[in-house]
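Please read it alongside the sequence and the model.

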Amino acid sequence: MSNIASNLKYLRKKKGLTQQQFADALEIKRASVGAYEEDRAEPKYELLHKIAAFYELSMDELANDEINDKWKPSPRGNASNLRVLSVTVDGNDRENIELVPVKASAGYLNGYGDPEYVAELPKFSLPMFNQGTYRAFEIKGDSMLPLPSGSIVIGEFVENWNDIKAGQTYVVVSKDDGVVYKRIAFKFKEDKGLKLVSDNKVYDPYWVEAGDIIEIWKAKAYISTEMPEPNPAPSMETLTNMMSQMQKTINAVVDNK
């Protein structure tokens, strides 16, 4: 059974708000607040999303936990904890892909959960990404070469950090490092967080603690204005290795006859 009604009433009073003040903050009618708190109606998904963000809770906590003076929120480092994410939708109620440019990445650390901030971000859609929640991030620097600085990485939201796979690339948003695009060395560890690795070996790997991580997005595609260069002609060493491998293959075929 949902605890939304009792939780909404408790949280509003805990914050010292009247029903009218809360309604004004959420841009809804005061009568709707009364109906929700008296369990005569339940807020729709989008509004529930907004309320959870307002109280800095997950939707799971808001709907299912019994929130009172003895209640304690789940640690934010908990990989299975459902995270609140602000999104925008188009005229057909399909989620947009919001773009976080480099110049907006610092503000994103404060505004990622604010529906008004997210609504101001540039947005677009791609036909191959019409199922799921996606966000695009402009990357800076040469740590992930050959992906050049200025490329835009499109990531799919990772809700459960235990689903992260080692060896794949992700956009990791953290309190200390901001928005970074890196390869993950190991699966997520509750006690240590994530070990991030650059494809450019000039840069050393490093750990990001679980409690510092805000969001994780699995890289699905990228957009770049730089066209890839053709592969260079093979060196003598490469050709020698190729010939050696071919000889081994031929010998294996002959031995099996």
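**Notes on the model**

1. Helix α3 is followed by Asp39, whose phi is positive, near 65°. Helices (H or I, at least four residues) and strands (E, at least two) are DSSP runs, numbered from the N terminus. This is a predicted model, in which local features need pLDDT of at least 70 and side-chain atom pairs count only at pLDDT 80 or more, while totals for chains, interfaces and linings use all residues. Residues are numbered from 1 along each chain as its sequence is written, and side-chain values use heavy atoms, with hydrogens and water left out.

2. Helix α3 spans residues 30-37, and Val33, Gly34, Ala35, Tyr36 and Glu37 in this helix are buried. Buried means under 20% relative accessible area, exposed over 50%, and partly exposed in between (1.4 Å probe, protein chains only). The cover over the buried residues of α3 includes α1 (4-14), α2 and α4.

3. The packing of α2 on α3 may be taken next. Two packed helices are described by the angle between their axes and the distance between the axes. For α2 and α3 the angle is about 110° and the axes are 8 Å apart; α2 is therefore roughly perpendicular to α3. Axes are lines fitted to C-alpha atoms, for helices over the stretch in contact, and angles run from 0 to 180 degrees between N-to-C directions. Angles under 35 degrees count as roughly parallel, over 145 as roughly antiparallel, 65 to 115 as roughly perpendicular and the rest as oblique.

4. Which residues make the contact of α2 with α3? Helix α2 contributes Gln19, Gln20, Phe22 and Ala23, and α3 contributes Arg30, Val33, Gly34 and Glu37, where contact means heavy atoms within 4.5 Å. The residues of this contact of α2 with α3 divide into three nonpolar, three polar and two charged. Here Ala, Val, Leu, Ile, Met, Phe, Trp, Tyr, Cys and Pro count as nonpolar, Asp, Glu, Lys and Arg as charged, and the others, Gly among them, as polar.

5. Helix α2 also packs on α4: their axes come within 11 Å and cross at roughly 110°, so α2 is roughly perpendicular to α4. This contact is made by Phe22, Ala25 and Leu26 of α2 and Leu47, Lys50, Ile51 and Phe54 of α4. The residues of the contact of α2 with α4 divide into six nonpolar, no polar and one charged.

6. In α4, the buried residues are Leu47, Leu48, His49, Ile51, Ala52 and Ala53. These buried residues of α4 pack against α1, α2, α3 and α5 (59-64). His49 has a relative accessibility of 8%. The C-alpha atoms of His49 and Met144 are 34 Å apart in space, and the two residues are 95 apart in sequence. Just after α4, Glu56 takes a positive phi of about 60°.

7. The aromatic pairs deserve a separate point. Rings of Phe, Tyr and Trp (its six-membered ring) pair if their centres lie within 6.5 Å; planes under 30 degrees apart count as stacked, over 60 as edge-to-face and the rest as tilted. By this rule the count comes to eleven aromatic pairs. The rings of Phe22 and Phe54 have centres 5.7 Å apart and planes at 75°, so this pair is edge-to-face. The pair links distant parts of the chain, with Phe22 in α2 (residues 19-26) and Phe54 in α4 (residues 45-54), 32 residues apart. Phe22 is buried, with a relative accessible area of 3%, whereas Phe54 is partly exposed at 27%.

8. How are the rings of Phe186 and Trp207 arranged? Their centres are 6.1 Å apart and their planes lie at 20°, so the pair is stacked. Phe186 lies in the loop between β6 (178-184) and β7 (194-197), and Trp207 in strand β8 (residues 206-208), 21 residues apart. Both are partly exposed: Phe186 has a relative accessible area of 37%, and Trp207 has 32%.

9. Ring pairs also link Tyr108, Tyr112, Tyr117, Phe137, Phe157 and Trp217 into a cluster.

10. Ile164, in the loop between β4 (152-157) and β5 (169-174), is buried, with a relative accessible area of 1%. Leaving aside residues up to four places away in sequence, Ile164 touches Val158, Tyr170, Ile184, Lys187, Phe188, Leu194 and Ile216.
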